[in-house]
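Welcome to my notebook. I jotted down what I looked up here, starting with charged pairs and then turning to the ligand.

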Amino acid sequence: MGHGWEGAVLKLLRGKDFTFTVTDTEAVNDRLRRIRLSDGGMLAVTGTHPTMWVRLWFERAGKPHQRGYTLVDPDPEKGTFGLEFVLHPGPASDWARAARPGDTIEATVHGTEFTRPEPAPAHLYVIGDPASLPAINSLLDELGEASATIWYETSHPLDERLPMRLDPARHQLRTVLRRDKGAGLVEEIRSTLPDLLRSHRSTDEYYVWVACDTVTTRSLATYLRKELSVPKPRVKALGYWRPA
Ligand SMILES: Cc1cc2nc3c(=O)[nH]c(=O)nc-3n(C[C@H](O)[C@H](O)[C@H](O)COP(=O)(O)OP(=O)(O)OC[C@H]3O[C@@H](n4cnc5c(N)ncnc54)[C@H](O)[C@@H]3O)c2cc1C
């Protein structure tokens with residue numbers, strides 16, 4: 001499959017192309033499908049990092065559609081990793097629903113990165129939803145010594161039953177039902193986060209990580225930087241999906 005103008009741009013930016021092969025699939029529930037893949041040599045070239053993601057190429061009506069997905073438990077020695085697809089209408093979800101062992105999928109690696117916050121934060125503030133849950137899990141694994149407050153926006157009855165790697169001794173989960181296209185989550189953050197941030201002696205004590213839909217993420221990123229004056233190195237925000 002050709003990758004269109006997006007593929008051409010990624011080539012110019014030195015994106016690396018790979019072909020993955022499905023080795024196993026698991027219907028976790030009606031909301032989530034987990035797929036295990038062999039990496040086509042990717043991990044030996046790229047290494048791994050928390051929140052690592054790849055751009056997968058799906059075809060619909062003869063056209064390429066690029067979507068980001070997060071690696072789950074990548075194993076560089078075996079050259080394998082998992083992907084967890086939250087299911088809704090769309091080419092990526094359709095591919096995941098139908099995937100069988102032996103199927104292949106093309107991928108480009110570009111733009112994924114993780115800079116470990118220095119100094120290491122004692123506390124993490126995480127704002128996300130089911131699409132960013134695999135990334136949240138890898139972040140909590142990586143910054144294992146830190147405690148965390150996680151605002152998790154749900155929009156489906158099964159969202160609270162998706163695989164979260166929380167340690168109740170250190171991680172506090174605050175579930176927020178999606179309302180008004182994400183405005184409910186923004187309101188919740190505005191009414192709770194300022195007091196929490198004020199409880200720290202220095203901004204070095206915490207790190208804020210945001211990955212919701214693109215509009216909500218942009219709104220939260222602006223709020224954090226402009227109104228709460230969170231310094232740039234202490235916040236990372238990336239929109240994960242475009243709301244209809
Ligand atoms: C860095 C990165 C990592 C990501 N990792 C993952 C991951 O590990 N697992 C995962 O499931 N997703 C992940 N996503 C999100 C995923 O790429 C998007 O949800 C993508 O749009 C799904 O493509 P689709 O073809 O299924 O639907 P699309 O064709 O993009 O959209 C179809 C319809 O579904 C809606 N929609 C799309 N995504 C969502 C959603 N998440 N929730 C509610 N409605 C939605 C759209 O608004 C649209 O109306 C990641 C995104 C990024 C940027």
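First, a term: I call it a salt bridge when a side-chain nitrogen of Lys or Arg lies within 4 Å of a carboxyl oxygen of Asp or Glu. With that in hand, I found Glu 26, Arg 34 and Glu 84 linked in a network of salt bridges.

A note on the source: this is a predicted model, where local features need pLDDT of at least 70 and side-chain atom pairs count only at pLDDT 80 or more, while totals for chains, interfaces and linings use all residues. Residues are numbered from 1 along each chain as its sequence is written, and side-chain values use heavy atoms, with hydrogens and water left out.

**Charged pairs**

How many salt bridges does the whole structure hold? My search found 18.

I looked at Glu 142 and Arg 116, whose side chains meet at 2.9 Å, N to O. This pair links distant parts of the chain, 26 residues apart: Glu 142 sits in helix H4 (residues 133-142), and Arg 116 in the loop between strand S7 (104-109) and strand S8 (123-128). Helices (H or I, at least four residues) and strands (E, at least two) are DSSP runs, numbered from the N terminus.

Next I checked exposure, where buried means under 20% relative accessible area, exposed over 50%, and partly exposed in between (1.4 Å probe, protein chains only). Glu 142 is partly exposed at 29%, and Arg 116 is partly exposed at 31%.

I then noted Asp 167 and Arg 170, with their closest N and O atoms 3.2 Å apart in a salt bridge. Asp 167 is partly exposed at 27%, and Arg 170 is partly exposed at 29%.

**Around the ligand**

For polar contacts, I looked for pairs of N or O atoms within 3.5 Å. A polar side-chain atom of Thr 70 lies 2.9 Å from a nitrogen atom of the ligand. A polar backbone atom of Ala 92 is 2.8 Å from a ligand oxygen atom.

Note on methods: Polar contact = N/O pair within 3.5 Å; in protein donor to acceptor, adjacent residues only side chain to side chain.
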